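Q: Could you go through the charged side-chain pairs with me? I have the coordinates open here.

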Amino acid sequence: MIVGVGALGCVSADLLVRAGVGTVTIVDRDLVEISNLHRQGLYCEADAIEKKPKAVAARDRLRVVNSDVDVRAHIADFTSENALSLIEDGGVPDVVIDGTDNFETRYLINDCSVKLGVPYVYGGAIATQGSAAVFVPGGGGPCLRCVQPDPPKPGTQATCESAGVVGAVSSIIGSYQAAEAMKVLMGQMDRVMGSMLSFDLWEGQRTRVDLSDAKDPECPCCGNGEFAFLEALGAPPQVLCGQRAVQVSGGSTMIDLERLGAGLEGFEVKEYMIRGTVEHGGEAFELTCFADGRAIVDGTDDVGVARAVYSRYIGI
Ligand SMILES: [Zn+2]
């Protein structure tokens with residue numbers, strides 16, 4: 001399973017599908033944007049113009065890359081509410097790859113990894129730097145929370161919005177992740193990297209931190225079996241990285257897109273989403289809504305405005 005098919009997920013998904021792994025399940029919440037194309041190699045300009053969900057664009061591309069691989073896609077935000085059902089859908093995967101761009105989701109993946117005993121291939125890339133590591137539950141090594149007990153506070157880290165990402169950095173990190181996943185899939189656990197590798201491509205620097213003794217017996221997650229991120233309440237609305245758009249989470253019920261779309265003038269209705277232009281407070285916004293009730297309000301970075309647009313037009 002690959003959570004997030006942005007810069008990192010595009011690289012590892014492409015390599016693993018070309019290598020012929022049996023099944024790849026991808027989960028992504030975003031739409032393809034022109035600003036993604038320098039680093040997200042599964043997408044093209046047409047996907048961005050159409051604003052396709054990345055999960056759909058990636059699935060379609062991967063299926064033509066290698067039709068022998070069973071590629072499954074979920075257009076969804078990976079949250080505490082749906083994480084376990086997404087992971088367990090179709091059988092627990094042999095490995096989970098982190099293609100996310102935020103720490104909340106990484107800690108949630110870590111909880112799932114420890115709870116279900118699935119190795120977690122961590123990755124991160126920002127500006128000219130990137131890191132990769134593998135956390136294997138039950139193997140005597142650490143989990144993510146042993147190494148870094150809590151996520152960094154919001155606003156303290158550079159994001160792809162504030163700092164950008166050099167495509168070559170995410171290509172390297174995604175390649176490392178694909179190689180580590182292949183080792184896990186082939187059962188070569190003795191070859192799996194026991195370190196956190198970090199690069200700065202601009203400075204030509206590489207560092208390796210040995211994690212073999214990093215397991216913390218007092219770790220709340222892998223030591224005490226507390227899954228705080230899985231038990232957390234649903235995500236508040238959030239501004240999407242690199243875009244003037246806000247994501248509003250839906251309720252826990254699926255919605256009838258055809259019915260909702262038919263009641264909204266000028267809305268385009270597809271099997272997996274509806275989209276159209278709406279007006280609120282004298283301004284126009286583009287509203288995209290998915291079957292799980294989640295919506296993306298394009299044209300604002302104000303969470304309050306996005307929530308108001310959501311309740312006015314989706315109304316749940
Ligand atoms: Zn731990």
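A: In this predicted model, the side chains of Asp292 and Arg294 meet in a salt bridge at 3.8 Å, N to O, where the term stands for a side-chain nitrogen of Lys or Arg within 4 Å of a carboxyl oxygen of Asp or Glu.

Q: Is Arg294 buried or exposed?
A: Arg294 counts as buried because its relative accessibility is 2%; buried means under 20% relative accessible area, exposed over 50%, and partly exposed in between, with a 1.4 Å probe and protein chains only.

Q: OK, and what does Lys51 pair with?
A: Lys51 forms a salt bridge with Asp298, 2.9 Å from N to O. Asp298 lies in strand S14 (residues 295-298) and Lys51 in the loop between H2 and helix H3 (54-65), so the pair ties together parts 247 residues apart in sequence. Helices (H or I, at least four residues) and strands (E, at least two) are DSSP runs, numbered from the N terminus.

Q: What about Glu50?
A: Glu50 meets Lys270 in a salt bridge of 2.8 Å, N to O. This pair links distant parts of the chain, 220 residues apart, with Glu50 in helix H2 (residues 45-50) and Lys270 in the loop between strand S11 (268-269) and strand S12 (273-280). Glu50 is partly exposed at 34% relative accessibility, and Lys270 is partly exposed at 22%.

Q: Which residues are linked in a network?
A: Salt bridges link Asp47, Lys52, Arg59 and Asp60 in a network.

Q: And how should I read the numbers?
A: Residues are numbered from 1 along each chain as its sequence is written, and side-chain values use heavy atoms, leaving out hydrogens and water. Local features need pLDDT of at least 70 and side-chain atom pairs count only at pLDDT 80 or more, whereas totals for chains, interfaces and linings use all residues.
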